[in-house]
Each structure stands twice: as structure tokens, then as C-alpha cells.
Amino acid sequence: MSNNSSHITEYKVLGRILLILMFFTFATISVTSFNLASFTVTVALLIAGIKGYFVLSYFMHLKYENLLLRILVGMIFVLFALIVLITFIDYSYR
Amino acid sequence: MMSEKVTHIEEHRDDAASKLGMWLFIFTELLLFGGLFLVYSIYRAQYPANFHEASLELSVTIGAVNTIVLLFSSMTIAMALTAMQKNNKKLALRLILVTLLMALVFLVNKYFEWGAKFHHGLYPGSDLMALLERGHLLYFSLYFFMTGLHAFHIIVGMILLIVVYFKVKNGSIHFEKYFLLENGALYWHLVDLIWIFLFPLMYLIT
Amino acid sequence: MSNEVNKIEYVSYLEHQGRFKGLKSWIFATDHKRIALLYMYAIAAFFFIGALLGLLMRFELIAPGETIMKAQTYNGLFTVHGVIMIFMVVIPGLSAVFGNFFLPILIGAKDVAFPRLNLFSWWIFVFGSVLAVASQFLKSGPPDTGWTFYAPYSTTTGTSVIIATTAAFILGFSSILTGLNFLVTVHQMRAPGMKFFNMPLFPWAIYATAWIQLLATPIVGITLLMLIAERLFGIGFFDPNLGGDPVLFQHLFWIYSHPAVYIMILPAMGVITEIVPTFCQRKVYGYKAIALSSLAIAGVGFLVWGHHMYTSGMSENARWFFSLLTFIVAVPSAIKVFNWISTMYKGSIDLKPPFLFALAFIFLFIIGGTTGLILGSVATNIQVHDTSFIVAHFHYIIFGGMGFAFFAAIHYWLPKMYGRLYNFRRANIACIIMFIGFNTLYFPQFVIGIQGMPRRYFDYLPQFQTGHMISTIGGVILIFGLFYMLINLIKGARKGPKAPANPWNGSTLEWQIPSPPSLENFDEPFEVKANPYDYK
């Protein structure tokens, strides 16, 4: 069965990922407690994006999946970003 | 060839197919929440100051605790899969239980958080809500709807994991056939993933 | 399970004896072919209900003022007509019926990837449809918002909007699951040796459609949920009185509903692409261009939703941007039309009913498509927005396009599905009657639309009466043609002469197996061709 070939992520790796995620959680709390004006959103989203990357690639094993699936996941985020961007073409120029 | 004609395809099993199916389902969930994030971003861009003021009503501590709880549960369910792959059934069962426990902690936290809002008269359709400024009103509408929908997904995820738990226990999920556990875990990570974005957008607005 | 018989005995899927007998062997069937027929019967029933409602509207419009119904009844009618036709007929239509039946066969699989999920989708579909129909008969009255459920009216009207939107949500769920099933089927179940570019073009179209179903439907799902929450709990997302923004509802709604138009038309294009090479006995012209243009339509189609909103108060920049993208999305559709026509060039054309329907499709689709460009350009759009010009354009694409493609598909594949042939001469007559009826019905609406006849109006100025009169006559002719075709098809399916395995001399996989196919489609070895349209 195809499962036999699938990748096994070691406990140690998973633990390390959790530490990284926790680090970024505290980072995002401390960064957003300063008022960086419009940069706050950017920074918060950037950090959330990094955390999302770790969850997707290690917890969800995307790093070890085939290329097609990885491309598809990327496309979903691109599609969503495009939709948001285009909606803002309306709202930013009203 | 012959026997295939008699036994119907229902017994047919393809792990790669069901995993791809789960991922596609995750895409739909991402876009479901995506619609809400779109609404959120439009209204936040229109009322940045109001959103900041309204977000001060939320406790960053509770939010942060819940974030850690979910991240931790995400790790434990990933570990449960690793344990299953290594044919350690006992550990896998325990890790699923820990995950479920964490989910419960999350919901209890959420219950108290929502309860406090309700206690202050802040809930959809309340008299107080009607008096709020537009931006505040939109923020709380989004807060209740988004966290509510997320909590609903937590509950669905818990049900899935409970089913998986019993299937591991009675041996229908085992170390050579564990795609149900894998799919349950994927769903759980999705719930975590959405919270990763909800947390800064709801609790940390300046 | 014994191995005493070496030869596989052929039993068609219609006669196969499974776990259940009688009706149960259908409504609990996991066989993709039986599920396809289940969808077809349900959809055909809804289609005729919807068509009769449409005819009632036509009779109301035959003269100015109140003719046969009250204004509020009329509001209910166009909403019900829209909801039934859009969510229960054309969106599932081709992909659930012919996609279910022929996608697995055309790629050499014995079923879809998740047969039980497939049955589950059908049940959800039935459940959603029952809810949608029920919303018409509740005490609070049928919803009167139009099928678009625009806020803020939909958040405040007293009619049963919640039930109708819940129904739409559930139907959307069924659509998502069907799309998911097909995507996995195409990725995982192709016969050995069949690469993506060896697939026939109908599976390509279904594949592109499935992506739209999967990715666009959740957006309308969440929008309808927000609408329901707004009505139930007073959570203000869209009603300005509660702090919301009604234009945002339009954005969210069209982010789904524009791609949904491609859910309707892409499989239709796929059907035509199967029929044209078969009846010209010629290799399809520009295989890759057609295959990739399906994906291009699916992709760009996601980004053009704003052209439904030029008059909503959207910003100037957004309007020219959406207009530009709209013109771009017309290109891949045009590519397909050119390819069909180029395929016919120097072909040995055999004017059988499926091909006649396909020709009608191409003609009507060209009119619908080019009037779409008039609407895509901002300046002309503002002139004809919300007039019957829109109604005409939409029906040319959806009825003239998707509807005629459905008829073409049923005439093309009925011999395979039931193992019997229908009367060709009557089918041709039906096609001609419907073609005449259709154009008489909708073409006048272009004209009175440009002159200023608003859509969804129950009353109108006397100057539009001639147009409405002609239109109503066309409606009667069309309905007559529809029933004529239906009777011919039913007669054929039940008592027609037995069909051979390959009545049209087609080259794709479904013609290599007996008519009707056996339970698992391929009992004998079959040949996967590098080019599925391998004609001399």
C-alpha cells in the first residue's frame, strides 16, 4: 500500500516545531504591543504566515508530499490573495 | 478479473485517493474561512481605529493560552500518527486522548470568554450592540461569527477524532492502514491553521 | 467467488442484481451509472417545473398590467424559477448526469474514486431540492428576492428567505462533494497508460469544472451563512442599519456566482467537443488548445466577478479592471468555437440529431457570447443593466448553451446509456422546433431591452407589448418542442430498436464497450489511444 512509502516524522522533530511555533506566538504578541502603525498588520500576518508554513510542511507533512499537492496548496493561497487584492481595487478607490 | 465482478467496488481502497480527497476538502474549508477573512479585511481597512478599541475588550492572555493549547494539540495528533506508523498503538491512543483533552480545554476557555461578553450584554442582537459605533459593531459581529464558526469546527474535529480513537482501539486502523487517522489529523491541523490567523487578527490589533 | 467460469458473462448495469431489489437497488446504488440516471430523472423533473413557471411568467407579460397573477406572485415566480433552474438544474446538470456516467468510462475507470460519497451527494442534492421547493409553500410566502438574494432586501423581507438560502447552501455542499469526487477520480483512477493529455476533452472540461465547484462554492456557502446569521441573530454584515455594507454582499455573491456560470457552460463545451469530431469523422483541431482553454476559463473566470456590479457604486478603477479581465476571459471561449469550426472543415459531416443539436448550440452560444461582450464593456453595460437584454443574454448562454448541449448529450449518449435508439427524424424535428421557439422567445428581449424594458418587472409601458407578445409565442413553441423531444426520447429509451455498441462510429472509450455497459464498465481489455480522436 502507498502508506509504506510515506514519510515518518520523528517525535523530536515535531517537538522542535512546537517550540518554534511557540516562539513565534510570543514574538507576535510582543511585536504587536508596540504601535508600528500600518506595519503591525503586515508583521502580524507575516508571522502568522511563517507559523502556517511550519504547520503545513511538518505537522501536515506537506514537505514530504508530491510536488503536485504542494503546488496546489500554494495556488489556493495565491487565489485567495488575488481575490482579496481585487476586492480592494474597489474599496481603496471609492 | 472474475472475482472482481462479484465483489463490488465498495471494498475498494486507495489510500492516496482518500488523502488527496481530504486535502481537497481542506481547500474548501480554507476558502470558507477565506470569505470571512475577506469581509474582515474590508471592514478593518474601513474602521481601523474602531477595530483597535474594540479588540481591547478581549483578553490577550486567554487568546494566547488558547493558541498554545491548539498548537500543542496539533503536535500531539501529529505524534499520534508517528506512533501509529511505528506500530505503537498504546502511545497513539494516549496521544489522541491528549489531543481531545486539549480541544476540551480550548472550548472551556472559549466558553468563559464568550460568557463574559454575554454577561456584559455584548452579544449579537443585544440592546448594547445596537448602541455601538459602526466599527465596533462590525468587529463584534465578526468576532462572534468567526470564533463561533471556528469553535464549530473544533467540535466537528473532536467528533472525528473520537471516531478515530475507537477505530484505533478496535484495530480497524492499524499500522499498515492508517489513512483515517491521517485524515483526522489533517483536519485537526486545519483547525489549528485557521486559529493561527484568527488570533493576531482578533486579539492583537493596534 | 468461485473460479469455475473463465468467461465473464455480460450483464448490463441496468439488469445487474446487487444487494437490493427494485427501487432500493437504485436509490442506494453506488454505481456511478445508476447515480447518473438518478440525477437525470430528478433534474429533468425540476427542469420541467422551472420551465412551466417560466411559461407562466411569459403569459403574465403578454399584455401590460395585471394579466393572470398579482405582482407579488410574479416576484415569487421569478425567484423560484431562478432558484430551481440555477441551483437544481444547470449547476448540477451536465456534470452530475453525464460527468457521473461518462467521466469514469472515458478515462477507463470502473467507477468514481468515492462511490459512496457519490451516492451521498445525490441524497444531499435531493434533500436540498426538497427544502428549496418547500420554501415556496410556507406560510410566509415564497421568497421574492430573485435568485441573487441581494442584501439588504433579503435581510429584511418577510418571506421565507432563510429556507431558500439554506437549500442553496445544502445544494452547494452536494456540488462541492461531486467536484471533489471527480477531481480525485481524474487524478487517481485513469487507466494505465492514459496521461492527462491522452484524456478525451469531456473529462478535461469536467476536471476544470470540478475545480471551480470545489473552490468557488465555499465562498457562496459562507456568504449565505452570513446572510442567515444576519436574519436569525441580527449580526450585521450586509444591512447598513446594522453597520454592514450591501455592496460587499454583491462582491461575495459574485465571487462564487460568476465562476458558477462556468460550472454551467464548461461541461457543455466539453460535450460539444466530443460530438463534433465524431460526426465529422475528423481528429479534433487543436486538442491541447481546447484542453488548456478549459483550465484558462476556470482560472481567469475567478477574477471577473465585478462585471455584474458596474452600477453598484463600485470604484472607477475596479470597473475598468473587471472590464479588461472580462474581455480576456472571452478569448479561451472563442478559441473553442474556432476549434469546433476548424474541426468541421473538410470533415465528412453526418447530420444526425446530436450533431444538429451541437450546431444549434454553437449558433446560440456565439450570439450569447458576443452579447456578453456588450455587457462586459462598462459604457454599454450601464445602458442595458437590469433590462431584459440581460435576461436574453443569460438565456442564450445558459439555455441556448448549456440546455442545448444537454439535449445534444442525451441524443449522443442515450444509445449507450439505455442500449436503445430513438427516432432520428422526430429528434431532428424537435431540434428545429426548439431552435425556432428559442430564438422567437429570447431574441425580441434583446430588442426591447435596448429600448429600456427593465427585467423582473411585472408591468410595462405599452410600447413593449409587440416584443413581449412575440416572445410569449416563442415560449409556447419552445415548450411544445421540449415535450415533443421528451416523448421521442422516452419512447426510444423504452421501446426503441437495440443499439449497437458503436452507433456513431466514435473513437473514444465508451464506444469500445457494449451498450448498455456492464457494472464495472470494462470486462474485456481495451485500447488506450494516444490521441482519443483517432479518425482516418
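Predicted model: local features only at pLDDT ≥ 70, side-chain atom pairs only at ≥ 80, totals over all residues.

Modeller: The crossing of α9(C) and α11(C) is left-handed. Helix α9 covers residues 246–280 and helix α11 covers residues 316–344 of chain C; their axes lie 9 Å apart and form an angle of about 15°. Because angles under 35 degrees count as roughly parallel, α9(C) is classed as roughly parallel to α11(C). On the α9(C) side, the residues in contact are Tyr262(C), Leu266(C), Met269(C), Ile272(C), Thr273(C), Val276(C), Pro277(C) and Cys280(C). Their partners in α11(C) are Val329(C), Ser333(C), Lys336(C), Trp340(C), Thr343(C) and Met344(C). By residue class, this contact of α9(C) with α11(C) comprises ten nonpolar, three polar and one charged.

Chain B contains eight helices and zero strands, and the order of its elements from the N terminus is α-α-α-α-α-α-α-α. Along the principal axes, the C-alpha atoms of chain B occupy a box of roughly 70 × 35 × 25 Å. Within chain B, the axes of helix α5 (residues 89–119) and α8(B) come within 13 Å and cross at roughly 30°. α5(B) and α8(B) are therefore roughly parallel to each other, and their crossing is left-handed. From α5(B), the contact draws on Ile96(B), Thr99(B), Ala103(B), Phe106(B), Lys110(B) and Glu113(B). From α8(B), Leu181(B), Trp188(B), Trp195(B) and Tyr203(B) take part. The residues of this contact of α5(B) with α8(B) are seven nonpolar, one polar and two charged.

In chain A, the axes of helix α1 (residues 11–33) and helix α2 (residues 39–59) come within 10 Å, with a crossing angle of roughly 170°. α1(A) and α2(A) are therefore roughly antiparallel to each other. Residues of α1(A) in the contact include Val13(A), Leu14(A), Ile17(A), Leu21(A), Phe24(A) and Val31(A). Those of α2(A) include Val43(A), Ile47(A), Ile50(A), Lys51(A), Phe54(A) and Phe59(A). The contact of α1(A) with α2(A) divides into 17 nonpolar, four polar and one charged.

The largest cavity holds about 70 Å³ of space. Its lining consists of Leu106(C), Met194(C), Asn198(C), Pro200(C), Ser507(C), Thr508(C), Leu509(C), Gln512(C), Glu527(C), Val528(C), Lys529(C) and Pro532(C). In that lining, six residues are nonpolar, four polar and two charged.

The second largest cavity has a volume of about 50 Å³. Chain A contributes Phe59(A), Met60(A), His61(A) and Glu65(A) to its lining. Chain B supplies Lys19(B), Trp23(B), Leu81(B), Glu182(B), Ala185(B), Leu186(B) and His189(B). The elements that give two or more residues to this lining are α2 (15–46) and α8 (179–203) of chain B. The largest share, four residues, comes from α8(B). The lining of the second largest cavity divides into six nonpolar, two polar and three charged residues.

Technical notes
Residues numbered from 1 in each chain as written. Chains lettered and ligands numbered in written order. Heavy atoms only, no water. 1 Å grid on protein atoms, 1.4 Å probe; cavity = no way out; pocket = protein on both sides within 12 Å on 5 of 7 lines; lining within 4 Å. Points joined across faces, edges and corners; volume = space filled by probe spheres on them. Nonpolar A, V, L, I, M, F, W, Y, C, P; charged D, E, K, R; others polar. Axes fitted to C-alpha atoms, helices over the stretch in contact; angles between N-to-C directions. Parallel < 35°, antiparallel > 145°, perpendicular 65-115°, else oblique. Contact = heavy atoms within 4.5 Å. Left-handed = near helix turned anticlockwise from the far one by under 90°.
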